[in-house]
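Please walk through this protein model, starting with the chain as a whole and ending with single residues.

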Amino acid sequence: MQPKAVSLSKFNSDITQMRVLMLAVLTLVFMLVQPLSALAQQSSLAPLAEKISPSVVNITTSTVVSRPTGPQGIVPEGSPFEDFFRDRGGDGDSPRRSSALGSGFVISEDGYVVTNNHVIEGADEILIEFFNGDELKAEVIGTDPNTDIALLKVEADAPLPFVSFGDSDVARVGDWVIAMGNPLGQGFSVSAGIVSARNRALSGTYDDYIQTDAAINRGNSGGPLFNMDGDVIGVNTAILSPNGGSIGIGFSMASNVVTRVIDQLKEFGETRRGWLGVRIQDLTDDLAESMGLESTAGALVTDVPEGPARDAGMEAGDVIVSFAGKEVADTRGLVRRVGNSPVGETVRVTVLREGKSKVLKVTLGRREEAEGAVPAVAQAPDEEEEPVATEMLGLTLTMLTDELREELGIGTDMSGLAVTDVDEASEAFEKGLRAGDVITEAGQQKVGTVAELQERVEAAQEAGRKSLLLLVRRAGDPRFVALSLAE
């Protein structure tokens with residue numbers, strides 16, 4: 001009987017342990033279900049809307065016009081990005097006052113307000129209406145047409161409710177968002193949706209839009225796009241629509257772009273973007289192959305006018321692969337990175353030149369001061385030879401003469417070969433070369449005669465290259481083209 005008693009005791013012990021284990025599992029499941037159940041019950045966005053609504057404002061601008069006007073803004077009438085503008089007044093051509101409607105939001109208790117530049121552009125008077133019905137006149141602190149952002153200021157007797165910017169870089173496709181504003185002049189309105197896409201580019205150099213299906217209509221321009229924490233991750237700017245109404249494709253300028261602009265407008269009243277001083281283009285597979293590169297990552301320098309990059313020793317044909325310690329994927333990324341860098345800062349720029357890596361130290365200038373400057377190209381002319389037309393690579397080429405220079409509008413400081421005809425069945429025609437283009441470099445070396453071009457072709461073939469890299473100028477504007485060397 002003794003062994004049977006021992007077995008029964010062990011059995012009872014095992015049962016007890018199993019009960020304890022099951023109880024622990026049930027307790028854990030209960031602890032996990034509770035927050036999920038609570039989250040499911042918070043289906044209403046009302047608490048969040050009530051929290052952030054006081055910081056959102058309606059904006060009415062007033063302008064004296066001498067004749068009837070239609071929709072105005074940074075885009076032409078009929079564009080899918082046209083915003084909502086509305087005229088008020090009598091008929092006739094006599095001067096009258098025109099009103100426009102938009103949205104905005106307060107970012108500080110002392111009265112700074114953010115909106116779109118096209119909402120207030122050209123306005124004689126700007127009136128801000130708050131959620132509680134109060135109205136205040138606003139003054140313009142600064143604007144940035146490049147990102148379509150404007151910073152306003154109102155003077156209030158008491159601290160104003162405001163919202164903060166969030167980090168737009170952490171917003172994921174599929175995250176919930178709320179758009180608020182003054183659609184179609186109907187007053188405060190809230191719409192909800194998700195982040196549909198990231199890093200959209202429309203037409204600007206510094207574009208970084210968040211695409212959303214939250215309803216955005218005319219009059220929402222300048223209003224905020226909120227995440228579920230109540231932080232602003234975008235400024236509602238444009239819609240894509242065939243009929244002028246929301247079809248679920250709206251665009252908000254990302255907050256990480258906006259905050260940099262706002263900081264500069266607040267400090268200087270204008271933007272101060274870094275300037276490298278180069279013309280660039282994206283690398284393609286054939287361009288990379290012709291240069292002996294393994295990747296298309298980077299920005300290919302087509303021209304280096306007088307400026308910071310030239311002072312640092314950069315040359316046409318260099319491929320910028322790193323800027324300030326960060327890799328460069330393409331031209332768009334480089335332009336944004338340079339523009340976001342402080343004026344006067346010295347940065348390390350890594351370039352690939354003839355297959356070798358080279359680090360240059362460039363002291364950035366200011367883009368706003370450089371815009372409109374005419375690029376300088378200092379190239380010594382080769383000695384004149386009797387012009388002879390030669391057919392190569394699908395092109396009919398001849399040396400530059402005084403008559404050709406005058407006809408093409410180019411100076412004596414440019415040497416090269418003029419394209420007088422292009423075989424329409426050739427790769428050259430397919431890649432956009434046309435009569436009137438001037439080839440100034442081949443294989444990243446200057447060419448001024450047909451003989452020099454032939455030498456570059458032979459050198460590329462001996463090196464095992466499948467294509468030859470040409471630097472082509474049209475009306476002074478340079479670009480690289482790679483043409484196949486296959487027979």
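The paragraphs below go from overall composition to particular sites.

This is a predicted model, in which local features need pLDDT of at least 70, side-chain atom pairs count only at pLDDT 80 or more, and totals for chains, interfaces and linings use all residues. Residues are numbered from 1 along each chain as its sequence is written, and side-chain values use heavy atoms, with hydrogens and water left out.

The protein chain has eleven helices and 27 strands; helices (H or I, at least four residues) and strands (E, at least two) are DSSP runs, numbered from the N terminus. Of the 487 residues in the protein chain, 43% are buried. Buried means under 20% relative accessible area, exposed means over 50%, and partly exposed lies in between (1.4 Å probe, protein chains only). Among contacts (heavy atoms within 4.5 Å) with a separation of 6 or more in the protein chain, 62% are between residues 24 or more positions apart. The protein chain exposes about 24900 Å², and carbon and sulfur atoms supply 51% of that area. Accessible areas come from the Shrake-Rupley method with a 1.4 Å probe; for residues, only the protein chains shown count as cover.

Tryptophan 176 is in strand β7 (residues 176-181) and counts as exposed because its relative accessible area is 54%.

Is aspartate 144 buried or exposed? Aspartate 144 is buried, because its relative accessible area is 1%. It belongs to strand β5 (residues 135-144). Its side chain makes a polar contact with the side chain of arginine 273 at 2.6 Å. A polar contact is a pair of N or O atoms within 3.5 Å; within protein, one must be able to donate a hydrogen and the other to accept it, and residues adjacent in sequence count only if both atoms are side-chain atoms. Not counting residues up to four places away in sequence, aspartate 144 touches Asn117, Ile149, Val261, Thr271 and Arg273.

Two loop residues remain. Aspartate 148, in the loop between β5 and β6 (149-154), has a positive phi of about 60 degrees although it is not a glycine. With 2% relative accessibility, aspartate 148 is buried. Alanine 324, also not a glycine, has a positive phi of about 55 degrees. Alanine 324 lies in the loop between β16 (319-323) and β17 (326-327) and is partly exposed at 45% relative accessibility.
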